[in-house]
Structure formats: structure tokens, C-alpha cells
Amino acid sequence: MPKSSGLIGIDIAYLIALFGTMAGNCIFVLGGKGPYLTQMHFFLVFDIFPALFFFLNGMTVTLTMRDKKVSNRKLLAYLGKRGAVFFIVGLIFC
């Protein structure tokens, strides 16, 4: 949960997904799209990052639920807090 379980590749993939999502939003949504970036090109280039982020969330939950040291109640509480933070940040950006 808060501590890394030693899978550095997942942490790096999370960083790539987060920064890619933020870069895509800055370029397309906030940056006026640029002169040559159409919506179709945007989706071809930047749509992989949110999908990667959701895939990594599911994989992390699955790996954590297999761990016998962490109770399901603790895991659900942690994920609920994390989801609430992401929801609030999303509302702020709206």
C-alpha cells in the first residue's frame, strides 16, 4: 500500500502514465491543440496513458489482494481514500 513492495517497474510505469496523461491534457486541452494536432492524432498518441494508468491500478489491487499480510478491509479503506483524492483533484480541474 503506502510502502513499495519492491516492484520498481510498476512505480516507473505509474510515473510514465501520470506524466503522459498530464502532458496530453496540457498540450491538447489547455494548450489550444497546437497548429497540427487534430483530435484523431491526439487520441492515437496520448490515449494510451490513461488506459495504462487504469490497468496498473487493477494489477496493483490484484497483487495486493493476493498478499496475506494485508487485510481486505485495510486495502479497501486505502483504495477508497486514494480514489476520493483522485476524485477531488478531478473536480478541482473541472
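A: Tyr-14 is buried, at a relative accessible area of 13%; buried means under 20%, exposed over 50% and partly exposed in between, with a 1.4 Å probe and protein chains only. Phe-53 is also buried, at 12%. This is a predicted model, in which local features need pLDDT of at least 70 and side-chain atom pairs count only at pLDDT 80 or more, while totals for chains, interfaces and linings use all residues. Residues are numbered from 1 along each chain as its sequence is written, and side-chain values use heavy atoms, with hydrogens and water left out.

A search of the whole structure gives 2 aromatic pairs. Rings of Phe, Tyr and Trp (its six-membered ring) pair if their centres lie within 6.5 Å; planes under 30 degrees apart count as stacked, over 60 as edge-to-face and the rest as tilted. Tyr-14 and Phe-53 have ring centres 5.7 Å apart and planes at 75°, so this pair is edge-to-face. The pair joins distant parts of the chain, with Tyr-14 in helix 1 (residues 8-30) and Phe-53 in helix 3 (residues 48-66), 39 residues apart. Helices are DSSP runs of H or I with at least four residues, numbered from the N terminus.

Phe-53 also pairs edge-to-face with Phe-54, at 6.0 Å centre to centre and 70° between the planes. Phe-54 is exposed, at 61% relative accessibility. Tyr-14, Phe-53 and Phe-54 make up one aromatic cluster.

Tyr-14 and Phe-53 also belong to the largest nonpolar core, whose 6 residues include Ile-10, Ala-13, Ala-17 and Leu-56. Such a core is a set of buried Ala, Val, Leu, Ile, Met, Phe, Trp, Tyr and Cys residues joined through side-chain atoms within 4.5 Å. Helix 1 and helix 3 each supply at least two residues of this core, and helix 1 gives the most, with 4 residues.

Ala-17 lies in helix 1 and is buried, with a relative accessible area of 0%. Leaving out residues up to four places away in sequence, Ala-17 touches Phe-49, Leu-52 and Phe-53, where contact means heavy atoms within 4.5 Å. By the same rule, Phe-53 touches Tyr-14, Ala-17, Leu-18 and Phe-86. Ala-17 and Leu-56 are 9.0 Å apart, C-alpha to C-alpha.

As for confidence, pLDDT is the predictor's confidence in each residue, from 0 to 100. The protein chain averages 77, and 80% of the residues score at least 70. Confidence is highest in helix 3, at a mean of 82, and lowest in helix 2 (residues 39-46), at 73.
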